[in-house]
Amino acid sequence: MAAPLRSIGRLLCRTNILYQSLREGGHVSLPVVRCHRVGSPCVQVYRSFCTPASSDEDVAATLALSRYKDRPWDYLESEEYIDRYGSKPVWLDYRRNHKGGIPPQKTRKTCIRGDKTCGNPCPICRDPNVIIHYQNVKLLQQFVSPYTGLVLDSTRTGVCMKQQKQLNTAIETARDHGLIPVQVPHVDFSGEDYSNSHAAVGKTPPPTVVKAGEPWYQWYGSMVPDERELARVKKIYKSYLKQ
């Protein structure tokens, strides 16, 4: 009689827990009684049957990421981007938090480490829809100087070192594909004289004619060796000169 009562008690306990969990709309887990050996105390293990519902913000962020992941350049033409940045670059209104009145000479290495994000992320890390891609030309042109064609330094834009490396790689790839123009400095050669009338460009003199028995260099026949040096060399090679 005791065994059926225990089974009925367990069933009522599980039903009560399930009812309370469904009313709260939370995580549903039921206790499962397991006995490892005969005579050993039973241990209740909670087995999960449902997963917690995700919030509306997580769903919206996931949909936004999946929407602009394949075509990140569409985000710069969307109303969401215009409402947030307008016609300004993404880094223009960014100010990094730092101690003291002197800003740091270098930006941080990265803003996101695993699942943790720093308090004031860089202009690219703070917006998950801003994705660096070599075909995202409008975004890359915001980090290129229109006067020199050089990539803006990270100390000016506030981009972290990790994103700055990706920017440099994407800009070089875009230039190789012809998506971003390469500015070559113009040099004016109109004032240069390319004629052969000036003294720097003259006629080459004809080669000298060498006759048999004459030295190749004219000064070679007029050289007179030193008597002391000649005597010293003769003394050194005395045995060879006799032969």
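Predicted model: local features only at pLDDT ≥ 70, side-chain atom pairs only at ≥ 80, totals over all residues.
A pocket is an open set of points on a 1 Å grid over the protein atoms alone, where a 1.4 Å probe fits and protein lies on both sides within 12 Å along at least five of seven lines; its lining residues have an atom within 4 Å of a point. Residues are numbered from 1 along each chain as its sequence is written.

The largest pocket is lined by 14 residues. R96, P103, T155, R156 and G158 lie nearest its centre. Its volume (the space filled by probe spheres set on the points, with grid points joined across faces, edges and corners) is about 290 Å³. The lining has five nonpolar, five polar and four charged residues. Here Ala, Val, Leu, Ile, Met, Phe, Trp, Tyr, Cys and Pro count as nonpolar, Asp, Glu, Lys and Arg as charged, and the others, Gly among them, as polar.

The second largest pocket holds about 170 Å³. Its lining includes T110, C111, I112, K162, Q163 and Q166. Seven lining residues are nonpolar, three polar and one charged. Helix α6 (residues 161-176) gives the largest share, three residues; helices are DSSP runs (H or I, at least four residues) numbered from the N terminus.

On the surface, V210, W216, Y217, W219, Y220 and M223 form a nonpolar patch. Together they have about 760 Å² of accessible area, from the Shrake-Rupley method with a 1.4 Å probe, only the protein chains shown counting as cover. M223 sits in the loop between α6 and α7 (227-236). M223 is exposed (over 50% relative accessible area), at 52%.

Notes:
Heavy atoms only, no water. Helix = DSSP H or I, 4+ residues; strand = E, 2+ residues; numbered from the N terminus. Patch = residues over 30% accessible without salt bridge, like charges linked within 9 Å, V, L, I, M, F, W, Y side chains within 5 Å. Salt bridge = Lys/Arg side-chain N within 4 Å of Asp/Glu carboxyl O. Buried < 20%, exposed > 50% of the residue type's maximum accessible area, 1.4 Å probe, protein only.
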